[in-house]
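Biologist: Could you take me through this structure? I would like to begin with a helix packing and then turn to the pockets.

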Amino acid sequence: MLASSTIAALRKGITAGEITPRDIVLDVAKSIEAGNAEIGAYLSWDVEAALAEADRADITKPLGGIPIAVKDNMNVTGQPCTCGSRILAENYTAPYDAGAIQKLRAGGAIPFGRLNMDEFAMGSSTENSALGVTRNPRDLSRVPGGSSGGSAAAVAGDLAIAALGSDTGGSIRQPAALCGCVGIKPTYGRVSRYGLVAFASSLDQIGPVTKTVEDSALLLNHLCGYDAHDSTSLNIEVPDFTATLGQDIKGLRIGLPKEYYIDGIHAGVSASVQAAIRQLESLGAIIEEISLPHTELGVATYYVLAPAEASANLARFDGVRYGHRSSSAGDLMEQYTKSRSEGFGPEVKRRILLGTYMLSSGYYDAYYIRAQKARTLIRNDFTEAFKKVDVILSPTSPTPAHKLGELKDNPLAAYLEDVFTIPVNLAGLPGISLPCGTVDVEGRALPVGLQIVGKALDEATVLRVAHAYEQSR
């Protein structure tokens, strides 16, 4: 089945003339038709449009003819972009390609399918989507993680070759961990945010979800790069991220933050990560304990800054220019109020209210400014740690995937799912999650994710260590 294959393997088949891009698109479409009703990864897909692109694909390009699924918060010309929300589901069609989509097309890839997500990327389980339930392919009674749950579920369930996700506080890495695939968040500014519907602009970053580390490196080669449309885009050279794959890791220093190895981690997750540490040590890596002393501030800092930025970013959805407009409003103020009340879901409303409160007069200094100072402390912790080590290693998530609905009435517990991923976003660093074992829960083998974090702009070393571990298993 071509849908279960990797980008690297499919490119070899295309180059050898054994398969065509049309063959791949048709096989992926067949897999979606067979499995999406059960998994619920996709919100929509257009086979005819993808086949038209496949028939004219330039197979001499590095990604020529490979279909890539897209999280439904990135604009692709002529396709819906709902952000998992009723407010955009009725009548919005993207008039342009996001910067990341432009770069993928330049590499020869074909955007194919729109993937479910937590509404406006706010959540860690994809249960906050207003448009449907996504289930974990490893256990259909459990969540796939979030907010890029559709991306991880599609890749893990062989409904996609690879996918794009976005990561604001762990939204690529955490679902990749819970579904048993690879997900990488690049350094902030590596990938254009132009055309990505903003949640928290100082934190959001696009990245790939794939079946292997090599595939992530291949996609990063054609996602990264300067974009004049994005004021935070870094105008620096993009290396070949596949160049370091296969190099040994002898002598590399791997840091274990003592604040990340705590009693609250699920015993099975801890055991899998400890086994991965021993495996990396056997490959010649030097393991050192380090400290990130302000880790405990991470979740609280994030849940001040991210809602504050969301409050500003989501003000544009007012029922005037595009999106849902209430049909029962009597005047302009009522139109704003009713359109937003009807269009936004509970979690989005919660975060808008929190963010607006924290930015309001009298509370701005007490919350927002103090959170920015705490963010600086967290960033400085990483700077000091990277004077001693080359990468930092931890669990991606403290627990395996929970049951659907299990944390529905406990948002704080849901927020703590991202305790190990949030600091990486606050510091703007690259981080990857890859499978490192399973935990037996109620007779099901649930995946465990290993997170590897690198210095800013050092995705190459992160990928090198991840690939070495992946190949040694």
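Biologist: Which residues of α8 meet α16?
Modeller: V213, E214, S216, A217 and L220 in α8 meet E459, L463, A466, H467 and E470 in α16, where contact means heavy atoms within 4.5 Å. Helices here are DSSP runs (H or I, at least four residues), numbered from the N terminus. This is a predicted model, in which local features need pLDDT of at least 70 and side-chain atom pairs count only at pLDDT 80 or more, whereas totals for chains, interfaces and linings use all residues. Residues are numbered from 1 along each chain as its sequence is written, and side-chain values use heavy atoms, with hydrogens and water left out.

Biologist: What classes of residue are in that contact?
Modeller: The contact of α8 with α16 has five nonpolar, two polar and three charged residues. Ala, Val, Leu, Ile, Met, Phe, Trp, Tyr, Cys and Pro count as nonpolar, Asp, Glu, Lys and Arg as charged, and the others, Gly among them, as polar.

Biologist: At what angle do α8 and α16 pack?
Modeller: The angle is about 155°, with the axes 9 Å apart; axes are lines fitted to C-alpha atoms over the stretch in contact, and angles run from 0 to 180 degrees between N-to-C directions.

Biologist: Changing topic, which helix gives the largest share of the lining of the largest pocket?
Modeller: That is α12, with four residues. A pocket is an open set of points on a 1 Å grid over the protein atoms alone, where a 1.4 Å probe fits, with protein on both sides within 12 Å along at least five of seven lines; lining residues have an atom within 4 Å of a point.

Biologist: And how does that lining divide by class?
Modeller: It has nine nonpolar, 10 polar and nine charged residues.

Key
Helices (H or I, at least four residues) and strands (E, at least two) are DSSP runs, numbered from the N terminus.
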